[in-house]
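This report describes a protein chain for a reader who is new to structural analysis. Please look over the sequence and the structure before reading on.

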Amino acid sequence: MSKTILGKTLSHIPWEAKPAGSDEVMWRFSANPIIGWNPIPKAARVYNSAIAPFGDAFAGVFRGDQKNGRATLFSGRSKDGIHIELDPDPIQWVDESGQPNPISYAYDPRVVEIEGDYFITWCDDMRGPSIGLGRTKDFKTFVRMPNPLMPYNRNGVLFPRKINGKYMLLSRPSDTGHTPFGNIYVSESPDMIHWGNHKLVMTNGGQGWWQGTKVGAGPVPIETTEGWLLFYHGVSGTCNGFVYSIGAVLLDIDNPSKVLYRTRDYLLTPEKDYETTGFVPNVAFPCANLYDAETGRIAIYYGAADTYTAIAFCQVDELISYIKANSEVF
């Protein structure tokens, strides 16, 4: 049987079969949330975080909202991808020479392994929201690199390999606050320092009101035989504020600015108590995925209500068939 995901066999990722009788393409982990309130003394809430395979287990970078209200990043590890051991203190960033290079605030990280290094992107402070970029080899020493893009910007997500000899970065240009607009763009770089050739990937709107206000890239794209599979968040504006839901899109494998198929309807929207009630209600915000090429299983990590960390599951062939049958490209 041919494999749809072009990647490694990771049979030990978290997984739970679809509930009997369910017709959902994406389903929640029955033990959600996996991280709750006050998981460590220096962080009241841990959510919108990223985890990646590391050795024979997992490691990641986690958004922790401190008790002074400012968000920062913590390192963490897990043997099973479910039970997370967070470091007690925030990441202490250094520059290329090993000297301290602190950050002001940081949130919503993504992590990807490229050519032996683990690269981290996050929302950084560059006199306004911008994309931060750093790297690590061991999740102990973290080197801060130059900001790849000018402010104002959010949701920086790297592709897991070069495309046509260039590193590729998704982002969502924004403003200084809780942006009431937003489309996804892609930029390229020969060296992770100089970025350009920016292209529009996808806009908000269409028939799906759930993504009518803004969209933003979620976890690192998954390479498949059908194109790059990208989970993303879509936002609707209601009389009671924003609602964040999860969708998916297939991008051309050689030209990721080209959308092939895109979910018309959301795959997951806030419904459970831990998604609808919390510090910021009605948020399902995907930031990471683990996947097993052998079985096509995918585990998606998402922040819930800006308070909790949760997991959802899907199977790649079922998901791609659904996207193609229920697609709206605009």
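Asn 48 counts as buried, because its relative accessibility is 3% (buried means under 20% relative accessible area, exposed over 50%, and partly exposed in between, with a 1.4 Å probe and protein chains only). Asn 48 belongs to strand E2, and its phi is near 45°, a positive value in a residue other than glycine. Helices (H or I, at least four residues) and strands (E, at least two) are DSSP runs, numbered from the N terminus.

Asn 164 is likewise not a glycine and has a positive phi, of about 55°. Asn 164 is exposed, with a relative accessible area of 62%, and it lies in the loop between E11 and strand E12 (167-173).

## Basis of the model

The model is predicted: local features need pLDDT of at least 70 and side-chain atom pairs count only at pLDDT 80 or more, while totals for chains, interfaces and linings use all residues. Residues are numbered from 1 along each chain as its sequence is written, and side-chain values use heavy atoms, with hydrogens and water left out.

## Overall form

The chain contains 2 helices and 22 strands. Its radius of gyration is 18 Å, close to the 20 Å that the globule rule gives for 330 residues, so the chain is as compact as a globular protein of that length. This radius is taken over C-alpha atoms, and the globule rule is 2.2 Å times the number of residues to the power 0.38.

Of the 330 residues in the chain, 57% are buried. Among contacts (heavy atoms within 4.5 Å) with a separation of 6 or more, 53% are between residues 24 or more positions apart.

## Nonpolar cores

A nonpolar core is a set of buried Ala, Val, Leu, Ile, Met, Phe, Trp, Tyr and Cys residues joined through side-chain atoms within 4.5 Å. The largest one has 37 residues, of which Ile 34, Val 61, Trp 93, Val 111 and Ile 311 touch the most other members. Elements that each supply at least two residues of this core include E2, E3 and strand E4 (71-78).

Leaving aside neighbours within four places in sequence, Val 61 is in contact with residues including Leu 73, Phe 74, Ile 91 and Val 111. A second, separate core has 31 residues, among them Val 157 and Tyr 232.

## The largest pocket

A pocket is defined on a 1 Å grid over the protein atoms alone, as an open set of points where a 1.4 Å probe fits, with protein on both sides within 12 Å along at least five of seven lines; lining residues have an atom within 4 Å of a point. The largest pocket holds about 740 Å³ of space, a volume being the space filled by probe spheres set on the points.

Its lining has 34 residues, and Arg 63, Tyr 107, His 178, Tyr 244 and Asp 306 lie nearest the centre. E18 gives the largest share of this lining, 4 residues. By class, the lining has 13 nonpolar, 12 polar and 9 charged residues; Ala, Val, Leu, Ile, Met, Phe, Trp, Tyr, Cys and Pro count as nonpolar, Asp, Glu, Lys and Arg as charged, and the others, Gly among them, as polar.

## Cis peptide bonds

The bond from Asn 32 to Pro 33 is cis, with omega near -10°, and Pro 33 sits in the loop between strand E1 (27-28) and E2. Pro 151 and Tyr 152 are also joined by a cis peptide bond, with omega about 5°.
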